[in-house]
Amino acid sequence: MEKTIRGYHERTKHHFNRFAKSAGQLDWATQPEPFRRFEGARLVALPRDFETEPVDFDELYSATGRAPAELAIETISDFLFHSLAISAWKAMGEVKWELRVNPSSGNLHPTEGYLVLPAVEGISDAAGVFHYAPKEHGLEERCRLTVAAGKKLFAGLPDGAFLFGLSSVCWREAWKYGERAFRYCQHDTGHAIAALTFAAGLFGWRVRVLGGWPQRSVDALLGVDRVDDFPVSEEREEGETLLLVSPGPCDADVTPVAPKAGWAGVANRLSIDHHPWPVIDEAAAATRHPGGVDHESPTPLIHLDVSGRGKDARTILRQRRSGVAFDGKSGVHVERFVRILTRCLPGPHPPFLSLPWAPTVHLALFVHRVDDLAPGIYLLVREPAAESRLREAMRDDFTWERPSEVPEELPLFRLALGDCQELAEQLSCGQEIAGSSFFSLGMIADFAGPIAEHGDWFWRRLFWEAGMVGQVLYLEAEVEGARGTGIGCYFDDPVHELLGLAGEEFQSLYHFTVGIPVEDTRLTTLPAYD
């Protein structure tokens, strides 16, 4: 049963009387090294001391975008600096750890990034595959492509286009979270896709998931299938997806290329020992994409003007943090609440323009402290075609009222009134941040239908979409002077029971909360790079 993804999903649910299987306690002696390096690969240091043009954060959501910038070592550096780089270091006494622009479950960062670039002055005189090293803010040259391979790969693409690959070191998450870790790797992939998409908007670049590539082709291009380059089998990387980054919209196909020679570097060892989690290997094998035609892109749902907030884009991208505690008393005005939710809606704009499938994720909201909006349970329907099925699947006593306090174009429904702070905390593994916030939410995905239609591989995509919604919430919270926190620990079926959801038609995939943070004054913040 566990060899199917629905079996894995069921097995890794948290219940009131039983959590998903993990080691039970952390073995600090085997804590994974947070930075992947390839020993023997040439490291290209990326510059950080160059001038940049200010960009308003709301411009990053533009459907048309800015005039595309030139692909150069400076723009590549700036792109990575605002997507996957270190954003700061935290210290308590002699203990020090890094924060990154892209969030991660438990700050464990399983996601690795690879750039497949044409020849770029200052990086290489030939096309190649490069691994991003965030601690050094540099590129490790893993492979120099032959002239023929480079031409085949970039044929038909506009000048300045390149590819970006993402992979997961599942062991980093499994060390702490055990069998449920593969879920979190997919959340983090979605966060990374959105982070890259927002950073690309700084330069007028567009990002598109190349959903038609077979997984084996992605792995071969990135080199993560090279067994000899990953001598510690438990620390091998699981290929996730390949993105096309282009100067403006680009619908051209990219022909898979598998470099056969010219590889350099051996992956560093991350832990001295490992606990085996074979069910994660089974889940990964069950969800590998066989290749095929991309699905249709989502269509617009709503157009509300939330521009003109005057926030610097680079500042917002790099100041993103996860709130550890909220004050439990501050509220947010309903207009700001509406702005946050509006940005979560899909349409022909970043970041959801990157996804070649219709939206599957809806937001079940626990509203606690939204000024002029009554506390209670609400639902944001992100795909109009799903509304009737959600009504049919959920509890009969839900009211499905359209709140008069929000614009009628916003597909927000009030399901039930009442104080739900304690309920939200209980469902999120007893975590106080779910109730001490402005609001918290569960991301309810159209689950069984899409997996049955497309195959087990689509399970990963559901979690990616949830992660992307989470990234929007993180950034919108920062713009509105608040802070967000992704919550991967929640009780799956009790959430479904609360909403009246039975069976597998809809499943809760991710929780999130937004509020005013309480800062830990014991911590010292240090700059990301000397």
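Student: In β19, which residue is the bridge partner of R483?

Tutor: Strands of a sheet pair through backbone hydrogen bonds, either parallel or antiparallel. Here the bridge partner of R483 is G515 in β19. Five bridges join β18 to strand β19 (residues 506-515), and the two run antiparallel. Two strands count as paired if DSSP finds at least two bridges between them. Strands (E, at least two residues) and helices (H or I, at least four) are DSSP runs, numbered from the N terminus.

Student: What should I know about the model itself?

Tutor: This is a predicted model, where local features need pLDDT of at least 70, side-chain atom pairs count only at pLDDT 80 or more, and totals for chains, interfaces and linings use all residues. Residues are numbered from 1 along each chain as its sequence is written, and side-chain values use heavy atoms, with hydrogens and water left out.

Student: In what order do the strands of the open sheet with β18 and β19 stand?

Tutor: Six strands follow the order β16-β15-β13-β17-β19-β18, with antiparallel pairing. β16 (412-417) and β18 are the edge strands, each with a single partner, so one side of each has no neighbour in the sheet. On average, neighbouring strands here are turned by 25° against each other, direction ignored.

Student: Which strands does α14 lie across?

Tutor: Helix α14 lies across β13, β15, β17 and β19, and runs at about 90° to β19. Angles run from 0 to 180 degrees between N-to-C directions, and axes are lines fitted to C-alpha atoms, for helices over the stretch in contact.

Student: How do I read two packed helices?

Tutor: Two packed helices are described by the angle between their axes and the distance between the axes. Take α5 (residues 181-201) and α13 (residues 458-479): their axes come within 7 Å and cross at roughly 55°. That makes α5 oblique to α13; under 35 degrees is roughly parallel, over 145 roughly antiparallel, 65 to 115 roughly perpendicular, and the rest oblique.

Student: Which residues make that contact?

Tutor: Contact means heavy atoms within 4.5 Å. Among them are F182, H187 and F198 of α5, and W459, F463 and L475 of α13.

Student: Where is the disulfide?

Tutor: A disulfide is a pair of cysteine sulfur atoms within 2.5 Å. A search of the whole structure finds one, joining C429 to C489 with S to S at 2.2 Å. C429 sits in the loop between α11 (421-427) and β17 (439-446), while C489 is in the loop between β18 (483-487) and α14 (492-499), 60 residues apart.
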